[in-house]
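Good morning, colleagues. Please look at the sequence and the structure on the screen, and I shall then take you through some of the contacts.

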Amino acid sequence: MVHIRFEGRSYDVTETQIGITESMTDTAIKQQLARHFEVSGDRFNDYVCDRRPSGDLIVRPEAVYG
């Protein structure tokens with residue numbers, strides 16, 4: 001399962017729905033997400049790919065504290 005937080009909305013999709021695999025790099029995942037959402041590739045530059053022990057993937061904006 002892939003959980004995506006993008007532009008204030010949350011999306012839960014399967015890897016096959018968006019065309020990603022477990023072996024893809026974070027950069028490749030972000031590029032694929034940009035294609036999926038039909039936005040410029042740089043829109044995901046400041047996003048983090050958090051791979052959970054359960055196998056799930058969370059893609060979210062980088063948290064800024066302070």
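Which side chain meets that of Glu7 in a salt bridge? The partner is Arg43, with an N to O distance of 1.8 Å. Please bear in mind that this is a predicted model.

The pair links distant parts of the chain, 36 residues apart. Glu7 lies in the loop between strand 1 and strand 2, whereas Arg43 lies in the loop between helix 2 (26-37) and strand 3 (47-51). As for accessibility, Glu7 counts as exposed, because its relative accessibility is 53% and the cut-off for exposed is over 50%. Arg43, at 35%, is partly exposed.

Let me turn to the setting of Glu7. Strand 1, residues 2-6, pairs with strand 2, residues 9-13, in the antiparallel sense, over five bridges. One of the residues involved is Arg5, whose bridge partner in strand 2 is Ser10.

How many salt bridges does the structure hold? There are three. Another one joins the side chains of Asp26 and Arg51, at 2.7 Å from N to O. This pair, too, links distant parts of the chain: Asp26 belongs to helix 2 and Arg51 to strand 3, 25 residues apart. Asp26 is partly exposed at 33% relative accessibility, and Arg51 is partly exposed at 40%.

Finally, Asp50 and Arg52 form a salt bridge, with their closest N and O atoms 3.2 Å apart. Arg52 has a relative accessible area of 40% and is therefore partly exposed.

Thank you for your attention.

Methods: Residues are numbered from 1 along each chain as its sequence is written. This is a predicted model: local features need pLDDT of at least 70, side-chain atom pairs count only at pLDDT 80 or more; totals for chains, interfaces and linings use all residues. Side-chain values use heavy atoms; hydrogens and water are left out. Two strands pair if DSSP finds at least two bridges between them. Helices (H or I, at least four residues) and strands (E, at least two) are DSSP runs, numbered from the N terminus. A salt bridge is a side-chain nitrogen of Lys or Arg within 4 Å of a carboxyl oxygen of Asp or Glu. Buried means under 20% relative accessible area, exposed over 50%, partly exposed in between (1.4 Å probe, protein chains only).
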